[in-house]
Amino acid sequence: MPDWKPVTPSASSSHRADALLGRLLALTARRERVTHVEHVPARQAGQARWPDWTPEPLVSGLRPLGVTGLWPHQYEAAEHAHRGQNVIISTGTGSGKSLAYLVPALTEVLDGGTVLYLTPTKALAADQLQNLQALRLGKLRAACYDGDTPFEERGWVRQHANYVLTNPDMLHRSLLPRHSQWSSFWRRLRMVVVDECHGYRGVFGSHVAQILRRLRRVCARYGRHPVFFLASATAGDPGAAATRLTGLQMAEVAMDASPRGATTFALWEPPLTDLRGEGGAPVRRTATAEAADLLTDLVIDGVRTLAFVRSRRAAETLALTTRTKLHDLL
């Protein structure tokens with residue numbers, strides 16, 4: 001189960017990173033492309049403990065997964081939510097944000113309440129559903145409700161699910177317009193989780209903000225004022241961003257107390273080419289082409305590598321280019 005298990009920082013990881021960077025820069029032409037290198041030391045985890053109100057079935061369900069308690073930032077966020085305070089947790093990738101909202105959310109479910117989970121992508125909702133099912137909680141009836149949900153299953157979700165995973169588009173087009181069909185769900189709604197909330201920005205973000213306000217009005221009609229729990233790894237000024245998105249005052253948890261191995265960051269700038277752009281300005285080599293070269297070298301070196309790009313098309317281009325280079329070299 002990703003993002004939930006404890007991690008032990010490795011003291012030698014910085015040395016491995018230096019060696020790897022040295023191999024990538026073995027070509028003289030590449031050395032000028034690295035503009036800055038930053039080494040971040042390892043960090044030990046804070047003390048893990050459970051809030052006093054955590055149900056025993058939940059503790060028992062998490063124990064086989066290697067979870068023995070909440071780290072301080074998870075504990076703080078969970079306490080805010082349990083006390084009825086809207087909260088945003090903005091800590092690094094792999095810091096256990098999912099567990100921070102799952103503990104109070106599942107506590108409400110086991111107490112007879114319902115939870116609505118919102119995510120920008122159906123893939124993330126499906127991944128979260130697998131995590132929930134792995135807990136084997138008898139009272140938990142979790143289900144995805146999106147465009148891929150078969151028509152014959154939607155009625156069951158409306159009537160019986162107590163942890164519904166969906167996205168803002170489905171919330172806008174189905175759940176809210178047909179709110180009377182979800183009346184039993186709304187009357188027991190205790191928490192709304194908005195995951196990856198940094199993705200809701202610009203015009204799209206303004207639309208989602210209006211949907212969340214509409215959601216609050218529908219909940220109020222059924223006598224509910226659920227706690228909003230937002231999560232993000234990259235939100236800038238998280239408290240203010242969450243307030244703008246939801247229209248609610250937010251507690252902010254941004255101090256990361258999870259363990260972390262030593263990390264090396266290298267800022268890599270693609271070289272200039274002979275091409276000229278607007279006004280005769282020199283044009284740099286594309287980031288995708290540069291990433292393909294680096295990815296090829298890393299694969300040949302047997303290094304497990306993950307490349308992040310801006311779009312699906314860029315991902316396909318990067319994969320095809322790298323595959324072609326590997327075929328030519330191997």
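Helices, H or I runs of at least four residues, and strands, E runs of at least two, are DSSP runs here, numbered from the N terminus. With that settled, Leu 329 sits in helix H12, residues 312-329.

Before going on, the ground rules. This is a predicted model, so local features need pLDDT of at least 70 and side-chain atom pairs count only at pLDDT 80 or more, while totals for chains, interfaces and linings use all residues. Residues are numbered from 1 along each chain as its sequence is written, and side-chain values use heavy atoms, with hydrogens and water left out.

Layout next. The domain assignment gives domain 1 as 11-41 + 260-328 and domain 2 as 56-253; such bounds come from an automatic or database assignment. The C-alpha centres of domain 1 and domain 2 are 36 Å apart.

Back to Leu 329. Is it buried or exposed? Leu 329 counts as exposed, at 57% relative accessibility. The classes are buried for under 20% relative accessible area, exposed for over 50%, and partly exposed in between, with a 1.4 Å probe and protein chains only. Leu 329 also belongs to a nonpolar surface patch with Ile 300 and Leu 330, and together they have about 350 Å² of accessible area. A patch takes residues with over 30% relative accessible area and no salt bridge; like charges are joined within 9 Å, and nonpolar side chains (Val, Leu, Ile, Met, Phe, Trp, Tyr) within 5 Å. The areas come from the Shrake-Rupley method with a 1.4 Å probe, and for residues only the protein chains shown count as cover.

Now salt bridges, meaning a side-chain nitrogen of Lys or Arg within 4 Å of a carboxyl oxygen of Asp or Glu. How many does a search of the whole structure find? The search finds 14.

One of them joins Arg 190 and Glu 108, with the closest N and O atoms 2.6 Å apart. Arg 190 is in strand E6 (residues 189-194) and Glu 108 in helix H4 (residues 97-110), so this pair ties together parts 82 residues apart in sequence. Arg 190 is partly exposed at 23% relative accessibility, whereas Glu 108 is buried at 14%.

Another pairs Glu 56 with Arg 63, where the closest N and O atoms are 3.9 Å apart. Glu 56 is partly exposed, with a relative accessible area of 48%, and Arg 63 is partly exposed, also with 48%.

Then there is Arg 285 with Asp 293, at 2.8 Å, N to O. Arg 285 is partly exposed at 26% relative accessible area; Asp 293 is buried at 18%. Both residues belong to a network of salt bridges that links Arg 33, Arg 285, Glu 290, Asp 293 and Lys 325.

Val 283 lies in strand E11, residues 282-284, and is partly exposed at 30% relative accessibility. What does Val 283 touch, leaving aside neighbours within four places in sequence? Its contacts, meaning heavy atoms within 4.5 Å, are Leu 272, Thr 273, Leu 275, Arg 276 and Gly 277.

Last item: Ser 174, in helix H7 (residues 168-175). Ser 174 is buried, with 8% relative accessible area. Its side chain makes a polar contact of 3.4 Å with the side chain of Tyr 145. A polar contact is a pair of N or O atoms within 3.5 Å; within protein, one must be able to donate a hydrogen and the other to accept it, and residues adjacent in sequence count only if both atoms are side-chain atoms.
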